[in-house]
Amino acid sequence: MKKKQFSSPLILQEVRICAENSFLASVVDNLAPIESTGQEVVEHDFSQETFNHNWE
Amino acid sequence: MTMKTRYSTAITVVLLSLAAILFTGCKKSHWGFRSRPGEEIVFKIRSNTGSDTRTVYNDNNGEYFTVGETKYEGLDWVDGDAMTLAYVFVDGGLGVDLADYSIVEGSVTPSSVSDGRVVSLGTLKSVKPNGLQWHDGDVHQFYATYPEVDYDDPNFVFEVENGQMNAKVPYYYPMVLDSANEDDMTKDGRVWVENMKYAYMNSLDSHAAPLADGTVQLTVGPHFTAFEIEVRAQGEDTIPLKSFTLSSSYSTDDVEDGLIGGTFFLNYHNDDGDWWNEHLEGEGNTSNSVTLDFSNETEYADGGILLTNDNPIKFTIFTRGGYVHYKLTIGFDIINGAGERVNRSLKLAHAYDITDELSDNQIPWIWFYGNRKHRISGLELPLNVSKLSLWYEGQTYAGGYINDDWND
């Protein structure tokens, strides 16, 4: 019974997948440095009298 | 047990162990999922990398980065920053591979202005031994989302069905933040900044195809809205502050729904090889307000911060990003001069004549657009208030605040 487990299709299939993954060529290793853009800043100065200071 | 039986058992154990190793190893290193036409692929399996590094703001020592008249703060990569890359291909059928990549230690170039843009650079490497691998076919599109995706999140979906791909990436913007919880906020003196794990970023281009030399250039930008708020007490007052709430008000006349906190999904669809993304769509637990709770601070004996005029506080919180705009009200939960717990609120609007008694839709709200960092300064919180109209340069402004004792 145990010998049957070793030769089960499931295990053989996993071995095949592993081999396929290990030897696939052309790995995407040529990514250019990734860019992070800045965040636009908008200033709101509420000390200026043109703003509403109507605290409630 | 005979010698032959023991030998057979030993072989069995060895082979079982080998099979288990192969099985486990394959699952961990197997990144590729290939679709066949009409076949659905759903990625909900792998756990995230547990990365705890995050981008950092770069304010250029307070000088800002400028491009024309526009000011920017940089979002610098940090060594080990992890993100998820998606690779869309047509190889016998539409498919997508996902893999986590991280910023190589020592590879970061801090933000600077280059070619009319503010950019920080970082070199990527695959987190696991097997990264993305090329597929045959003419379609190669790449997409990045930062931070890395939590593959265990049951809401995360990347699927191909009937030749169309649908992806939903959950973004969670906390609705309640604890100023004393390091997982929510970092604290430096009297400055609090929300954990940068909520500073979501994703590809700015609808898709990135390989350049002529085969390299892939990915550019990501902020997909969160930041509010940096500085507030002090007015005059000689000392004000115990328990919490702060940012609320988005809206009406049925508005296109936007006004939701700023909770769980949203960035939806991507693929049609004939083209990407586009949609606005963040709220689902389930969402809110039109975000609260920063100071009640676990100890400056105030009963829990809270003590505000004075010469000792302001500054805090930065993040809300829903995207191509949205809000009209906002800020509220401070304080202990007033009578020892009562009250809320001081202020509509963030341009000056208007309060004698007109404008409706919510008529108030000249300041529009706060998504994905930007809004720096709100000059706020002086009154301990006690009553409304007062100011006559200023020929116009009556809704404005001013006076201490109750001035009315006596």
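I began with strand β2 (residues 39-45) of chain A, which pairs in the parallel sense with strand β29 (residues 373-381) of chain B over 5 bridges; strands here are DSSP runs (E) of at least two residues, helices are runs (H or I) of at least four residues, and both are numbered from the N terminus. Two strands count as paired if DSSP finds at least two bridges between them. Within this pairing I found V42(A) opposite H374(B) in β29(B).

I noted that the model is a predicted one, in which local features need pLDDT of at least 70 and side-chain atom pairs count only at pLDDT 80 or more, while totals for chains, interfaces and linings use all residues. Residues are numbered from 1 along each chain as its sequence is written, and chains are lettered from A and ligands numbered from 1 in the order in which they are written.

I then followed β2(A) to another partner, β4(B), to which 3 bridges join it in the antiparallel sense, with E40(A) standing opposite Y72(B).

What does chain A contain besides this strand? I listed 2 helices and 2 strands, running α-α-β-β from the N terminus on. Of its 56 residues, 25% count as buried, that is, with 20 or more other C-beta atoms, placed from the backbone, within 10 Å of their own.

Next I traced an open sheet of 9 strands with mixed pairing, in the order β7(B)-β8(B)-β1(A)-β17(B)-β16(B)-β10(B)-β5(B)-β6(B)-β9(B). Its edge strands, each pairing on one side only, are β7 (109-114) and β9 (124-126) of chain B. Inside the sheet I looked at β10(B) and β16 (residues 201-203) of chain B, which pair in the antiparallel sense over 2 bridges, and there T145(B) has N202(B) as its bridge partner.

Finally I turned to the domains of chain B, whose bounds come from an automatic or database assignment: domain 1 (31-152) and domain 2 (163-203 + 215-381). Their contact takes 18 residues from each of the two domains, two residues being in contact if their C-beta atoms, placed from the backbone, lie within 7 Å. Which strands supply at least two residues each of the side of domain 1 that touches domain 2? I noted β4 (70-76), β6 (94-103) and β10 (140-146) of chain B, and the largest share, 6 residues, comes from β10(B).

Definitions and conventions: A residue is buried if 20 or more other C-beta atoms lie within 10 Å of its own, exposed if 12 or fewer, and partly exposed in between; C-beta atoms are placed from the backbone.
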